[in-house]
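User: I would like to go through this model with you and ask, for each label, what it rests on. Please set the values against the cut-offs wherever a cut-off decides the matter.

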Amino acid sequence: VTLASLSVVKLYRPTVEYLFIGCDKPLIPSELDKIRKDFRKKDIVVEQMDIMNAMGTFNILNGEDRRVACVLVIDPDEGS
């Protein structure tokens, strides 16, 4: 996951309040900091968590009509 790969989220209208990145392996801290800093300029809060918590948090906030987005990073080797 990189800043460039997430740039499409900033184009969504109405704008997103929260972006949850769900992945079972942590992102590289420097890349996550870059992503958070850039999205903060657009008033978007970025949180990284495991996949199950990202989906659950997304569903709860979406049910409250909050403007949320969720990116799920699935490890292709995990299912093998």
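Predicted model: local features only at pLDDT ≥ 70, side-chain atom pairs only at ≥ 80, totals over all residues.

User: Which residues of α3 are buried, and what puts them on the same side of the helix?

Analyst: Ile-51, Ala-54 and Leu-61 are the buried residues in α3. They cover an arc of only 105 degrees around the axis, and therefore they lie on the same side of α3. The face turned away from that buried side carries Met-52, Ile-60 and Gly-63, which are exposed.

User: How does the span of α3 compare with the expected one?

Analyst: Helix α3 runs over residues 51-63, which makes 13 residues, and from its first C-alpha to its last it reaches 18 Å. The expected span is 1.5 Å times one less than the number of residues, and for α3 the value reached is close to the 18 Å expected.

User: What is found at the start of α3, and what follows the helix?

Analyst: At the start, a side-chain oxygen of Asp-50 comes to within 3.2 Å of the backbone nitrogen of Met-52, and a polar contact requires a pair of N or O atoms within 3.5 Å. After the helix comes Asp-65, with a positive phi near 60 degrees.

User: Why is Asp-65 called exposed?

Analyst: Exposed means over 50% relative accessible area, and Asp-65 has 68% relative accessibility, so it counts as exposed. Asp-65 sits in the loop between α3 and β3, and its phi is positive although it is not a glycine.

User: What makes Asp-43 exposed, and where does Asp-43 lie?

Analyst: The relative accessible area of Asp-43 is 67%, and therefore Asp-43 is exposed, the cut-off being over 50%. Asp-43 belongs to the loop between α2 and β2, and although Asp-43 is not a glycine, its phi is positive, at about 60 degrees.

User: Why does Ile-28 count as exposed?

Analyst: Ile-28 has 58% relative accessibility, so it counts as exposed under the cut-off of over 50%. Ile-28 is found in the loop between β1 and α2 (29-40).

User: What makes the peptide bond between Arg-13 and Pro-14 a cis bond?

Analyst: The omega angle of the bond joining Arg-13 and Pro-14 is about 0 degrees, and the bond is cis. Pro-14 is located in the loop between α1 (3-6) and β1.

Terms used: Residues numbered from 1 in each chain as written. Heavy atoms only, no water. Helix = DSSP H or I, 4+ residues; strand = E, 2+ residues; numbered from the N terminus. Buried < 20%, exposed > 50% of the residue type's maximum accessible area, 1.4 Å probe, protein only. Arc of directions from axis to C-beta. Polar contact = N/O pair within 3.5 Å; in protein donor to acceptor, adjacent residues only side chain to side chain.
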